[in-house]
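Open the model in your viewer and keep the selection tool at hand. The tour moves from one selection to the next.

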Amino acid sequence: MSKTKNLFYARIHWCIAPIFRLLYPLQVEGLEHVTGQSVIFCPNHSSALDPIMVACALPYNYPLRMMAKKQLMEIPVLGWFLRKMGAFGVDRGNSDIQAVKTAIRSLRDGSSLMIFPEGTRVKPGQIAEVKGGAAMIAIRSGVQLQPVYIGTEKRLFRKTRIVFGPEYSPVYTGKKGTAEEYQTNADEIMRQAYQLGETK
């Protein structure tokens, strides 16, 4: 498995993850599906804790980058910290070409990405429109999508399930696929993510 080149991320992860996992214990399943190849992790999204939980479920030196909404990156100190951790901003309301280029370059450089295809936090019982961006980036960079399920009931000192599923190869035509194919693949990867939560 390749290791991150971001020593800041590795050190912060090594220091913080044990404390976080003490407060929010994780029941991690399916790590055998994490091969170390560049992929786009596609978790469901119900809490601001979700990206931290997925990162803590992976080894401290795993090469992981994250897309964060542009507004977070503009907050003093927090934006600096997120950039140091390898996050980069995306303008979710528009076609952010620069963010797409950064994502593709990161994948080709050996990192994996965490993208929430639902685009916003979704509480149990709610339904969100899945965005096709993650599938588009996967197709254009030649990597696979990987479904991840994150338990939606997060409580202090209570275990939260994190389940990694098998990698999924996007299905598309031509060299770059179509917008309809991006959407179909994004819908499918989220179907798989939620299905992981139904297995015990």
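Which residue forms a salt bridge with Arg 161? Select Arg 161 and Glu 29 in this predicted model: the two form a salt bridge, and their closest N and O atoms are 2.9 Å apart. Arg 161 belongs to strand β7 and Glu 29 to strand β1, so the pair ties together parts of the chain that are 132 residues apart in sequence. A search of the whole structure finds three salt bridges.

Now show the strands as a cartoon. The open sheet has seven strands in the order β1-β7-β6-β2-β5-β3-β4, and the pairing is mixed. At the edges are β1 (26-29) and β4 (87-90), each of which pairs on one side only. On average, neighbouring strands of this sheet are turned by 25 degrees against each other, direction ignored.

Next, select residues 144-150 and residues 160-164, which are strands β6 and β7. The two strands run antiparallel and are joined by three bridges.

Move on to the aromatic rings. How many aromatic pairs are there? The count comes to five. For one of them, select Phe 8 and Phe 81: this pair is edge-to-face, with 5.9 Å centre to centre and 70 degrees between the planes. Phe 8 is in helix α1 and Phe 81 in helix α4 (residues 78-84), so colouring by element shows a pair that links distant parts of the chain, 73 residues apart.

Select Ile 16, Ile 19, Leu 23, Leu 156 and Phe 157, which make a nonpolar surface patch of about 480 Å². One of these residues, Ile 19, has its place in helix α1, which covers residues 7-23.

How values were computed: Residues are numbered from 1 along each chain as its sequence is written. This is a predicted model: local features need pLDDT of at least 70, side-chain atom pairs count only at pLDDT 80 or more; totals for chains, interfaces and linings use all residues. Side-chain values use heavy atoms; hydrogens and water are left out. Patches are made of residues with over 30% relative accessible area and no salt bridge: like charges are joined within 9 Å, nonpolar side chains (Val, Leu, Ile, Met, Phe, Trp, Tyr) within 5 Å. Accessible areas come from the Shrake-Rupley method with a 1.4 Å probe; for residues, only the protein chains shown count as cover. A salt bridge is a side-chain nitrogen of Lys or Arg within 4 Å of a carboxyl oxygen of Asp or Glu. Helices (H or I, at least four residues) and strands (E, at least two) are DSSP runs, numbered from the N terminus. Two strands pair if DSSP finds at least two bridges between them. Axes are lines fitted to C-alpha atoms, for helices over the stretch in contact, and angles run from 0 to 180 degrees between N-to-C directions. Rings of Phe, Tyr and Trp (its six-membered ring) pair if their centres lie within 6.5 Å; planes under 30 degrees apart count as stacked, over 60 as edge-to-face and the rest as tilted.
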